[in-house]
Amino acid sequence: MDKKNKFNPAQAIQDVQFFGEFGGVNPSISDSATYTFLKAKTMLDTFEGNTDGCYLYSRHTSPSNHYLALALSQMENTESANVAASGMGAITPVILQLAGAGDHIVSARTIYGGTYAFLKNYLPKFNINTSFVDITDLEKVEAAIQPNTKLIYAEVLSNPLLEVADIEGLSRIAKKHNIKLVVDNTFTPLIFTPANSGADVVIHSLTKFINGMNDTVGGVICSTNEFINDLKNVNDGSSMLLGPVMDSLRSAQILKNLRTLPIRMLKHSQNAQYLAEQLEKDGVKVKYPGLASHPQHELFTRMMNPEFGYGGMITLDLQTGEKATRFMEKLQEKGVGYLAVSLGFYKTLFNAPGKGTSSEVPPEEQEAMGLSEGLIRMSVGLDFDIEKTYQKIKQTLQEVGYFDKQMI
Ligand code: PLP
């Protein structure tokens, strides 16, 4: 595909416009849980999914949720989407829709701690078991597939280790074995369009970059019409029956915030790239996909939509948990950002995932995957003066003795 005709997710979002009932430039918010019908027959038809443009009950869909879902499906270049009350409210119904008792899942071993806990601790209650693998090793992924495997699960850029999943390679394996490839694209909205590389289902926690305001949790599932309709089926759809529905007021708000995602992502990426380059030059152990030293830098570059950079997430290895703690507390005192979980905010957020967002992963497994106690995950903010931020970070590293230790 030539560059001019290449899919551009930012353009795709901008092209989706909905108007309010009085000509508002934003759509009206549907403030109703239920919807009335002029004819009883239309209601029955709607129950059976045979009417377009009719709404039945807001757990199924509301106009506001429908608008947001449409915009996100355009962004991910999928036929359809369904929004959810949280990222986990998107992930869990997808997995339960695809796998049942006696089935098996192959998952990346470095994934968000909540997803890991769901696969590892929760699903065995339903006799659904998961093999966790190094997702960057396609041979190991394929070797883990069993006759009862129903899906491969991965994060495109993994939380917290920033490993990059080869979506085309995984998709080839999934297709060969007639199973689904489900990916979480939370860390890299706009940067990757996994459906273009063969992912069957693309999930986001909207809580992060997409909403970007840290004022709500939210999630979305992007996929085919068929799969999204299955999730919403009144008889056996996991989203419909488990009910993790987003409130209309929230989805209207997230739709407005989505409008500025392209410029926010660009700035997050520029700032993170700058910090990563400077810190690497200083000899700091920094991991960032935009650095040539990142093990999957070339793969990332090959897969990415080039307009948005390499994203806002970096990790620093402070070697010990004690140093990491002192470093983060001092960074917060200096106003660099907040010691907080989550990501994609205007302020830089940092935490040590070993004891925080990945604490669900047992210590021996953390060690096997290279998650050390001193690892700090940073979601780089929208700072105007990133040079000043860099100076503060460097000074703080000096204060906690990071460079002394290096010299020993
Ligand atoms: N996926 C990833 C990659 C995440 O980092 C998170 C949360 O941190 C989630 C999913 C879960 O999203 P939520 O907290 O919105 O349920």
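**Notes on the cavity, the ligand site and a few local details**

1. Let's start inside: there is one cavity of 30 Å³ or more in the structure. A cavity here is a set of points, on a 1 Å grid over the protein atoms alone, where a 1.4 Å probe fits but cannot get out. Its volume, the space filled by probe spheres set on the points (joined across faces, edges and corners), is about 110 Å³ for the largest cavity. Lining residues, meaning those with an atom within 4 Å of a point, number 15 for the largest cavity, and R59, H60, N82, V83 and V245 are the closest to its centre. The elements that give two or more residues to this lining are β1 (80-84) and α9 (238-242), with β1 supplying the largest share, three residues.

2. Before going on, keep in mind that this is a predicted model: local features need pLDDT of at least 70, side-chain atom pairs count only at pLDDT 80 or more, and totals for chains, interfaces and linings use all residues. Residues are numbered from 1 along each chain as its sequence is written, and side-chain values use heavy atoms, with hydrogens and water left out.

3. Which elements are counted as helices and strands? They are DSSP runs, numbered from the N terminus: H or I over at least four residues for helices, E over at least two for strands. As for the makeup of the largest cavity's lining, it has five nonpolar, eight polar and two charged residues. In this scheme Ala, Val, Leu, Ile, Met, Phe, Trp, Tyr, Cys and Pro are nonpolar, Asp, Glu, Lys and Arg are charged, and the others, Gly among them, are polar.

4. Now the open space. A pocket is an open set of points with protein on both sides within 12 Å along at least five of seven lines. The largest pocket holds about 760 Å³. Its lining takes in 30 residues, with T51, H60, T61, N229 and K232 nearest the centre. Two or more residues each come from α2, α3 (63-75), β1 and α8 (225-232). By class, the pocket lining divides into 10 nonpolar, 15 polar and five charged residues.

5. D184 puts a polar side-chain atom 2.6 Å from a ligand nitrogen. Ligand oxygen atoms lie 2.8 Å from such an atom of S205 and 2.7 Å from one of K208. The ligand taken alone exposes 390 Å², and the protein buries 91% of that (Shrake-Rupley areas, 1.4 Å probe).

6. There are 10 salt bridges in the structure, each a side-chain nitrogen of Lys or Arg within 4 Å of a carboxyl oxygen of Asp or Glu. One of them joins K41 and D45, at 2.9 Å from N to O. Both residues sit in helix α2 (residues 40-47), four residues apart, about one turn of the helix.

7. Most residues other than glycine have a negative phi, and most peptide bonds are trans. The N159 to P160 bond, however, is cis, with omega near 5°, and P160 is in the loop between β4 (149-155) and α7 (167-176). L162 lies in the loop between β4 and α7, and its phi is positive, near 60°.

Terms used
A polar contact is a pair of N or O atoms within 3.5 Å; within protein, one must be able to donate a hydrogen and the other to accept it, and residues adjacent in sequence count only if both atoms are side-chain atoms.
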